[in-house]
Amino acid sequence: MRKERIGFAMSGSFCTHEKVLEALRALTERYETVIPIVSETVSVTDTRFGDAEELLEALYQMTGKEPLDDIPSVEPIGPKGLLDVLVIAPATGNTIAKLAAGITDTAVTMAAKAHLRNGRPVVVAVASNDGLSAGAKNIGELLVRRNYYFEKHR
């Protein structure tokens, strides 16, 4: 098992959560420490794609860690250097816009801000329906910043 500490942050785009959980499972098979992070909305929203409580339980079962779901719980990521890499999957257009504008009003965006202060990588997996149109300018904004990397869909 690899020793790098991975943060795995999930924002909305509930229709992609099933596929995102497959990616998380693959990470937990390769890395010793994977810390789940969810936005406040994800932590409480039941949708036709799944129940919030079941998602949180699945995250716990896969990682062995309670998901972090508020700003106070993720803020120490920066000062304590808790992660080596932060993955944001799915990264919705809304989350990407907030990152581009420097807005840190969710657990996911605060986790990114806190992590970036250490000059460490943030891997962004754009939710497929948010990748084009009005969101393109925000993706472009992040592409020119240090330590942001984008996952390529296969």
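Helices (H or I, at least four residues) and strands (E, at least two) are DSSP runs, numbered from the N terminus.

Good morning. The structure before you is a predicted model, in which local features need pLDDT of at least 70 and side-chain atom pairs count only at pLDDT 80 or more, while totals for chains, interfaces and linings use all residues. Residues are numbered from 1 along each chain as its sequence is written, and side-chain values use heavy atoms, with hydrogens and water left out.

Let me begin with the chain as a whole. The protein chain holds 7 helices and 5 strands, and from the N terminus on its elements run β-α-β-α-α-α-β-α-α-β-α-β. Along the principal axes, the C-alpha trace spans about 35 × 35 × 30 Å. The radius of gyration, taken over C-alpha atoms, is compared with a globule rule of 2.2 Å times the number of residues to the power 0.38. For 154 residues, a compact globule would have a value near 15 Å, and the 14 Å of the protein chain agrees with that.

Buried means under 20% relative accessible area, exposed over 50%, and partly exposed in between, with a 1.4 Å probe and protein chains only. Of the 154 residues of the protein chain, 45% count as buried. Among contacts between residues at least 6 apart in sequence, 80% join residues at least 24 apart.

I turn now to histidine 17. Is this residue buried or exposed? Histidine 17 is buried, with a relative accessible area of 7%. It lies in helix H1, residues 17-30. Leaving aside neighbours within four places in sequence, histidine 17 is in contact with Met10, Ser11, Gly12, Val42, Leu55 and Pro90.

Next, the helix pairs. Axes are lines fitted to C-alpha atoms, for helices over the stretch in contact, and angles run from 0 to 180 degrees between N-to-C directions. Angles under 35 degrees count as roughly parallel, over 145 as roughly antiparallel, 65 to 115 as roughly perpendicular, and the rest as oblique. A crossing is left-handed if the near helix is turned anticlockwise from the far one by less than a right angle, and right-handed if clockwise.

H1 packs with helix H3, residues 52-63, at an angle of about 15°, their axes being 10 Å apart. The two are therefore roughly parallel to each other, and their crossing is right-handed. Which residues of H1 meet H3? They are His17, Leu21, Leu24, Arg25 and Thr28, which meet Leu55, Leu59, Met62 and Thr63.

H5 passes H6 in a right-handed crossing. Thr95, Lys98 and Leu99 in H5 meet Val108, Thr109 and Ala112 in H6, a contact of 3 nonpolar, 2 polar and 1 charged residues.

Terms used
Contact = heavy atoms within 4.5 Å. Nonpolar A, V, L, I, M, F, W, Y, C, P; charged D, E, K, R; others polar.
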